[in-house]
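My notes follow the model.

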Amino acid sequence: MTEEKFAQVRLISKPENMLKTIYTACRTCYSADSPLNIYDCDNAQDEEKMLKLISRVISSGHYSTIEHIQISFAISNISRACSHQLVRHRHMSFSQKSQRYVKEKGQFDYLTPDTIQKNEELNKKFDEFMGKISEFYLELTEAGIPAEDARAVLPNACSTSMVASLNLREMIHLANLRLCTRAQKEIRILVKRMCDEIIKEEPWLKDYLVPKCERFGFCDEDKSCGRMPVKGN
């Protein structure tokens, strides 16, 4: 699985005035003024002032202020193994290619982990095995077995695609967890590309969309990669 061959990601939706929306939410909690007046005030035109307040509020753990921001991505060419990890995140919404209704024709697309690719003999056997699975899948469907039942033989390596949406709080949480070196390589690269897409539009998010150790200054994993001091040491 070479990096350029998988995890195609595009940001397809985000609020036009993300920074002003978050700033307005932050100010509303601590101001007698109305949200409309706050949104239209002079400070809401000053990016530096907005960022200063937002940073202070997020640092205090007041995360509800960033939950108003919804982001959507079009994602393709990831493995079902990767999508199974992604859908474990509780505050995300997914519309995924269905193996019930989309019948595979010919050799299905699949992704080979690079640890297997590096072993020429095992990589060859892996490809041969995927071919045998495809042949049996086609045998099943041609015999009249519904795709929703024939898919039982399809592997986690199968390629899939989806539209994934989440709020900014969950985006930061996703990045903090899945950019960690303890996460599997495929999902690390997927999430990095999601982060890169939103950072292109909102550069101020680069300090938040990082591994948790970089954000908090310590590692809380059972097995540390050594990048940051272990919590409690």
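**Helix 1 and helix 3.** I started with the axes of helix 1 and helix 3, which come within 9 Å and cross at roughly 55°. Axes here are lines fitted to C-alpha atoms, for helices over the stretch in contact, and angles run from 0 to 180 degrees between N-to-C directions. That makes helix 1 oblique to helix 3. The cut-offs: under 35 degrees is roughly parallel, over 145 roughly antiparallel, 65 to 115 roughly perpendicular, and the rest oblique. The crossing of helix 1 and helix 3 is left-handed. Left-handed means that the near helix is turned anticlockwise from the far one by less than a right angle; clockwise would be right-handed.

I then listed the contacts (heavy atoms within 4.5 Å). From helix 1, Leu19, Lys20, Ile22, Tyr23, Cys26 and Arg27 take part; they meet Glu47, Lys49, Met50, Leu51, Leu53, Ile54 and Val57 in helix 3. By class I noted 9 nonpolar, no polar and 4 charged residues in the contact of helix 1 with helix 3. Ala, Val, Leu, Ile, Met, Phe, Trp, Tyr, Cys and Pro count as nonpolar, Asp, Glu, Lys and Arg as charged, and the others, Gly among them, as polar.

**Ground rules.** This is a predicted model: local features need pLDDT of at least 70, side-chain atom pairs count only at pLDDT 80 or more, and totals for chains, interfaces and linings use all residues. Residues are numbered from 1 along each chain as its sequence is written, and side-chain values use heavy atoms, with hydrogens and water left out. Helices (H or I, at least four residues) and strands (E, at least two) are DSSP runs, numbered from the N terminus.

**Helix 8 and helix 9.** Next I checked residues 168-178 (helix 8) against residues 185-201 (helix 9): their axes are 9 Å apart, at an angle of about 140°. Helix 8 and helix 9 are therefore oblique to each other. Their crossing is left-handed. Met171, Leu174, Ala175 and Arg178 in helix 8 touch Ile187, Arg188, Val191, Met194 and Cys195 in helix 9. The contact of helix 8 with helix 9 has 7 nonpolar, no polar and 2 charged residues.

**The core.** Which residues touch the most other members of the largest nonpolar core? I found Ile75, Leu168 and Met171, out of 48 residues. Such a core is a set of buried Ala, Val, Leu, Ile, Met, Phe, Trp, Tyr and Cys residues joined through side-chain atoms within 4.5 Å. Buried means under 20% relative accessible area, exposed over 50%, partly exposed in between (1.4 Å probe, protein chains only). Among the elements that each supply at least two residues of this core are strand 1 (8-13), strand 2 (70-79) and strand 4 (159-167). Helix 9 gives the most, with 8 residues.

Leaving aside neighbours within four places in sequence, Ile75 contacts Gln8, Val9, Leu86, Ser161, Met162, Ala164, Leu190 and Met194. I also noted a second, separate core of 11 residues, including Phe108 and Ala150.

**Single residues.** Is Gln99 buried or exposed? Gln99 counts as buried, at 14% relative accessibility. Gln99 lies in the loop between strand 3 (92-96) and helix 5 (114-117). Glu48 is in helix 3 and counts as exposed, at 65% relative accessibility. Last, I looked at Asn77 in strand 2. Its phi is near 60°, a positive value in a residue other than glycine. Most residues other than glycine have a negative phi.
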